[in-house]
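The sequence and structure come first.

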Amino acid sequence: MELIINGDKVEVPNKITTVSSLLQHFGINQKVVIVELNQSILEKGSHQETTISDRDKIEIVNFVGGG
Amino acid sequence: MSERYSRQELFSPIGKDGQSKISRKHVLVIGAGALGTGSAEALVRAGVGKLTIVDRDYVEWSNLQRQQLYVEEDAKQRMPKTVAAEKRLRMINSEVDIQASVLDVSVEEIEQLIDEVDLIMDATDNFDIRMIINDISQKYQIPWIYGACVGSYGISHTILPGETPCLHCLLETVPMGGVTCDTAGIISPAVQMVVAYQTTEAMKLLVEDYHALRKKLVSFDLWKNHHTAIGVDKLKKEDCSSCGQSPTYPFLSFENRTKTAVLCGRDTVQIRPPERMNRDLEKLATILSEQGGRVSLNPYLLSFQIEKHRLVLFKDGRVLIHGTKDIAKAKTLYHRYLG
């Protein structure tokens, strides 16, 4: 499946079906992130049930602490 | 008329009126590291009326690559950051009222600093203090501008009490751990980009041009050529305990704060996070062993020796910092290596 993540085309395995599993795939499921799917922002509690499909446009913003 | 601000006054969204507003405003910059020195210099050059800057740390050689107000002599003498910053800022613009303090900021300190402040600039390096700033901002209805960076990545969000979601709405919980500039590195353009976002939003607020505010959470990665701006208004929560209908400002209460204690006669400071954690000691061992220190691990704790300090990390989150009785120094080491 091909996704557009933060503007880049990214190939991910087809077994990834939800936002949660996508974050897990990238190893960032423990991080505090905000996810936008096709220009609609997702509540954090909905990552598990929100499904993703081919060509979806996803923005992932990671909260970092440094400064 | 003063020549000094002529180019800024020619910029029509500011103009003479805007300049006059800027000159009557007071900005509090919390932190005098990379973001703090960048923001402070920009705001002092722009002619803000008063600038207060606070920090608990001193200048080290590893700061000079990106912390723009400091010079080699400051690192040689281990000058407190705000002392060195104040000196340089006064040389840049003697018209600005600059108040600098060497201070380990927590709730009581901010409550004292906040009087007649128009805007708070976040230039801190951890989320404990940011959640306190967030609650203070809501309690006193003062806007603040979150900014952070690591590696070539940066992020910023402007928080207007009563309008935008606050940091508590966006984060829900306080992030623990995570990479820091001292574990993952940082390049100065990432700092400068965050400073550019933060100080531009600051100027809009200072001249009261509220329509021009970005209204989006912005993040970027300069090395990977990414840029993202997303609207987060939908994440504002009516029942948020920091900015909702009946706020309790949880991060201003004692229970939710990271606690520190000097252990008697042991040259050691204990730092205890507000909630019990389950630290992944093995993962931390890998990260910390890349820092040049000596790491040893057993099933209960991890010991990390770096220069003359030893950090001992327990699974439940507690950390002992050996080799200092100074709480500010201990906190600096804690946030440097553990985020």
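## The second largest pocket

In this predicted model, the volume of the second largest pocket is about 580 Å³. Its lining counts 24 residues, and those closest to the pocket centre are A:Asn6, A:Asn62, B:Tyr153, B:Asp221 and B:Lys224. Two or more lining residues come from each of four elements: strand S2 (8–11) and strand S5 (57–62) in chain A, and strand S7 (217–221) and strand S8 (226–230) in chain B.

Sorted by class, the residues lining the second largest pocket are 12 nonpolar, 8 polar and 4 charged.

## The contact between chain A and chain B

Chain A brings 18 residues to the contact and chain B brings 32 residues. Together the two chains bury about 2,100 Å², and 61% of this area comes from carbon and sulfur atoms. On the side of chain A, the three residues that supply more than any other three are A:Phe63, A:Val64 and A:Gly67, with 29% of the area that chain A buries against chain B.

What kinds of polar link are found across the interface? Between chain A and chain B there are 10 residue pairs in polar contact, counting pairs with both residues at pLDDT 80 or more. The number of salt bridges between these chains is 0. Strand S3 (33–37), strand S4 (40–41) and S5 of chain A each give two or more residues to the side of chain A that touches chain B. Of the elements, S5(A) gives the most to this side, with 3 residues. The class count for the side of chain A that touches chain B is 7 nonpolar, 6 polar and 5 charged residues.

## The cavity

How many cavities of 30 Å³ or more does the structure hold? The count is 1, and the largest cavity contains about 50 Å³ of space. From chain A, the lining of the largest cavity takes A:Val33, A:Ile34, A:Val35, A:Leu42, A:Glu43, A:Lys44 and A:His47. From chain B, this lining takes B:Cys169, B:Leu170, B:Glu172, B:Leu235 and B:Lys237.

S3 of chain A and helix H8 (167–171) of chain B each provide at least two residues of the cavity lining. The largest share, 3 residues, belongs to S3(A). S3 of chain A also gives two or more residues to the side of chain A that touches chain B. By class, the lining of the largest cavity has 7 nonpolar, 1 polar and 4 charged residues.

## Salt bridges

Over all chains, the structure contains 18 salt bridges, with 0 of them between chain A and chain B. One of the salt bridges pairs B:Glu41 with B:Arg45, and their closest N and O atoms are 2.9 Å apart.

How far apart are B:Glu41 and B:Arg45 along helix H3 of chain B? Because they lie 4 residues apart in helix H3 (residues 34–45), about one helical turn separates B:Glu41 from B:Arg45.

Definitions and conventions
Residues are numbered from 1 along each chain as its sequence is written. Chains are lettered from A and ligands numbered from 1 in the order in which they are written. This is a predicted model: local features need pLDDT of at least 70, side-chain atom pairs count only at pLDDT 80 or more; totals for chains, interfaces and linings use all residues. Side-chain values use heavy atoms; hydrogens and water are left out. On a 1 Å grid over the protein atoms alone, a cavity is a set of points where a 1.4 Å probe fits but cannot get out, and a pocket is an open set with protein on both sides within 12 Å along at least five of seven lines; lining residues have an atom within 4 Å of a point. Grid points are joined across faces, edges and corners, and a volume is the space filled by probe spheres set on the points. Ala, Val, Leu, Ile, Met, Phe, Trp, Tyr, Cys and Pro count as nonpolar, Asp, Glu, Lys and Arg as charged, and the others, Gly among them, as polar. Contact means heavy atoms within 4.5 Å. Buried area is the accessible area (1.4 Å probe) that two parts lose on being put together, summed over both. A salt bridge is a side-chain nitrogen of Lys or Arg within 4 Å of a carboxyl oxygen of Asp or Glu. A polar contact is a pair of N or O atoms within 3.5 Å; within protein, one must be able to donate a hydrogen and the other to accept it, and residues adjacent in sequence count only if both atoms are side-chain atoms.
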